[in-house]
Amino acid sequence: MSSWKMISRASLLAALLGGAASAQNPIEVERLDALDPLEVSLTTRGLDERQWAGTGRDMAEAVLMRLPGTGDGGYASEALGETARLILLSGGQPPAGGRGDARLAELRVDRLLAAGGAYDAFDLLERTPNVNRRPELARWHAELGFATGESERACQTANALIENRDAPDWLRRRAFCLALEGQGAAAELTAELARAHSEDDDFDARLFAYTLATPVADTVGPADSGLDLAMARALLDQEADMPPIADTAPAWLIALGHRPPYETPYITDAAAALEAALELTGRERHHALEDVLAHGEDREVAALALGHLLADTSSAARFIHVARHHGSEVETLPVNEATLAHGYDIALASMIVGDLRAAARWRNALLDGPPRRPTPSNLAGQPIVEMADGRLAYADGTPVEAVQPEWVPPSPQRMVTLDLSLAIARDALSGGNFDAVFAAWLESQGEAALGEQLALAELGAGQPNTSRMAVLGRETVAAAPEWPVMEMAMRSGARAETALLAVSLLNRPETSADPVVFSRSIAALDAAGLRDNALALVLERVITRSR
């Protein structure tokens with residue numbers, strides 16, 4: 001790649017972002033040193049080892065800075081957060097001039113923590129060499145180790161730290177590690193050294209309670225750091241719930257408090273448990289329905305519980321959240337008259353989690369109806385028994401007088417949405433009846449679906465001639481400096497740069513709402529090698545319109 005292309009992209013982003021990026025020398029002589037932190041990878045599904053080819057060190061920092069960090073508001077959707085997570089989990093040769101750059105490694109961990117959570121970030125640092133020689137990475141490794149229950153690993157880093165060992169925070173970490181080893185006197189002495197620099201009454205109270213095996217003082221506040229959480233856990237009975245976490249704690253730490261160890265409750269009568277759950281409201285109803293869904297025996301009742309969980313969602317984002325967490329259950333759920341009452345939502349949920357076989361099964365059942373009951377003539381000769389409620393039934397439970405009603409499929413608009421969603425999930429954007437399904441969906445949505453129309457065209461679907469006129473007549477999007485830079489990076493083959501700028505554009509309401517910016521960002525992800533993620537983001541938009 002010629003150097004002027006790299007310089008022009010970096011210079012343009014610097015000018016538009018107020019000088020955040022500058023030109024880079026594209027030539028770098030790689031040294032045979034230890035593995036660079038950016039070369040550590042936790043996935044085989046993301047970008048390849050040449051992801052930073054064509055990007056300079058300052059440009060890499062500038063695009064990483066455009067992603068949400070641990071102190072920001074997060075991602076606009078779970079699919080977008082998953083896309084960012086996959087990019088950040090991907091390791092490869094560092095950008096030009098970036099080998100051994102501590103700032104880039106720190107930014108990657110911070111952005112991964114915001115996108116994937118504490119466990120992903122800790123796993124990345126576990127595989128990063130010489131963490132103890134990089135103060136900021138060491139701090140994150142210890143903090144995340146304590147937070148995720150890996151105190152032994154956190155203590156190894158605290159003890160092996162080379163720089164800044166006598167800082168109060170590191171002294172307190174080592175004091176707790178000494179206490180865990182049963183060295184109470186040494187722990188108190190180390191804590192006293194930390195106290196001489198700065199006071200932390202809550203830490204002192206927890207350490208005192210742990211070393212003396214006494215209850216912690218009532219005045220101690222909830223945990224607001226990984227070390228606090230580890231100490232609070234150590235003071236609790238092993239069977240106790242997660243210790244309270246302060247509302248002012250970082251978002252990633254608060255998220256850990258939302259993931260308590262889950263044990264499937266013992267339910268003797270699933271139908272009665274479902275009936276009781278439906279009498280509840282709010283979070284109690286939600287958790288009770290989850291308990292019924294987790295019940296392993298009566299899968300028809302479980303299907304009804306999932307249907308109610310999906311139907312209870314108050315927004316498209318909440319529907320997608322519930323579907324992502326419970327959609328994997330669909331494979332085990334039976335299709336019958338009762339469960340098909342929730343069939344539309346269940347089919348969409350299975351698409352969201354990628355279970356396309358189950359999605360097709362439920363879609364076909366919605367169109368054709370449930371399995372037909374045996375007719376009385378088919379059952380002739382079977383013994384007839386009297387049920388507990390006085391009704392007569394054949395031996396297999398079919399009522400003698402039962403008449404199965406004529407099946408009425410969902411509305412044509414819903415079936416079109418299901419067919420289009422399934423085609424997107426399958427990456428089948430041409431051939432068959434796709435064009436007819438796509439045209440019908442566009443007609444039902446009107447001009448509001450221009451973004452999805454253009455995005456699917458970028459991914460290979462046919463594009464009606466009217467779309468050009470619609471684009472020509474649209475309002476101009478607000479200034480978006482990442483857009484032209486993303487286009488330049490895409491033409492230059494700078495994949496990580498392209499993908500990260502696309503995620504940045506898709507994460508801002510004012511740019512993701514623009515049809516052309518949305519579609520070009522989807523095209524950029526596809527060009528960077530993230531086609532499955534691009535399709536998932538379009539699928540999410542289509543499903544959002546159906547809610």
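**Close-up views of a predicted model**

View 1. L86 counts as buried, with 2% relative accessibility. Here buried means under 20% relative accessible area, exposed means over 50%, and partly exposed is in between (1.4 Å probe, protein chains only). L86 is found in helix 3, residues 78-89; helices are DSSP runs (H or I, at least four residues), numbered from the N terminus, as are strands (E, at least two). Look for L42 as well: L86 and L42 are 44 residues apart in sequence, while their C-alpha atoms are 8.9 Å apart in space.

A note that holds for every view: this is a predicted model, where local features need pLDDT of at least 70 and side-chain atom pairs count only at pLDDT 80 or more, while totals for chains, interfaces and linings use all residues. Residues are numbered from 1 along each chain as its sequence is written, and side-chain values use heavy atoms, with hydrogens and water left out.

View 2. L530 sits in the loop between helix 26 and helix 27. With a relative accessible area of 1%, L530 is buried.

**View 3. The disulfide of C155 and C177.** The structure holds 1 disulfide (a pair of cysteine sulfur atoms within 2.5 Å). A disulfide is a covalent bond between the sulfur atoms of two cysteines. The sulfur atoms of C155 and C177 are 2.0 Å apart, and the angle about the S-S bond is -95 degrees, a left-handed link. C155 belongs to helix 7 (residues 151-160) and C177 to helix 8 (residues 168-180), so the pair ties together parts that are 22 residues apart in sequence. Both ends are buried: C155 has 7% relative accessibility, and C177 has a relative accessible area of 2%.

**View 4. A salt bridge between E329 and R299.** The whole structure has 30 salt bridges, each a side-chain nitrogen of Lys or Arg within 4 Å of a carboxyl oxygen of Asp or Glu. In this one, the closest N and O atoms of E329 and R299 are 2.8 Å apart. The pair links distant parts of the chain, 30 residues apart: E329 is in the loop between helix 16 (316-326) and helix 17 (343-352), and R299 is in helix 15. E329 is partly exposed at 24% relative accessible area, whereas R299 is buried at 15%.

View 5. R545 and E452 meet through their side chains in a salt bridge of 2.9 Å, N to O. R545 lies in helix 27 (residues 531-546) and E452 in helix 21 (residues 450-458), so this contact ties together parts that are 93 residues apart in sequence. Next, find R520 and E458, whose side chains form a salt bridge of 3.0 Å, N to O. This pair also links distant parts of the chain, with R520 in helix 26 (residues 515-527) and E458 in helix 21, 62 residues apart. R520 is partly exposed at 21% relative accessibility, and E458 is partly exposed with 31%.

**View 6. A salt-bridge network.** Which residues are linked here? The network of salt bridges joins R57, D58, E61, D101 and R103.

**View 7. A patch of negative charge.** On the surface, D269, E297, D298 and E300 gather in a negatively charged patch. Patch residues have over 30% relative accessible area and no salt bridge; like charges are joined within 9 Å, and nonpolar side chains (Val, Leu, Ile, Met, Phe, Trp, Tyr) within 5 Å. E297 lies in the loop between helix 14 (282-294) and helix 15 (299-311), and is exposed with 72% relative accessibility.

View 8. Most residues other than glycine have a negative phi, and most peptide bonds are trans. At N130, phi is near 55 degrees, a positive value in a residue other than glycine. N130 is in the loop between helix 5 (118-126) and helix 6 (135-147), and is partly exposed with a relative accessible area of 35%. A213 has a positive phi too, near 55 degrees. The place of A213 is the loop between helix 10 (201-212) and helix 11 (226-234), where A213 is exposed at 72% relative accessibility.

Terms used:
Accessible areas come from the Shrake-Rupley method with a 1.4 Å probe; for residues, only the protein chains shown count as cover. Lys and Arg count as positive and Asp and Glu as negative; His and the chain ends are not counted. The place of a charge is taken as NZ of Lys, CZ of Arg, CG of Asp or CD of Glu.
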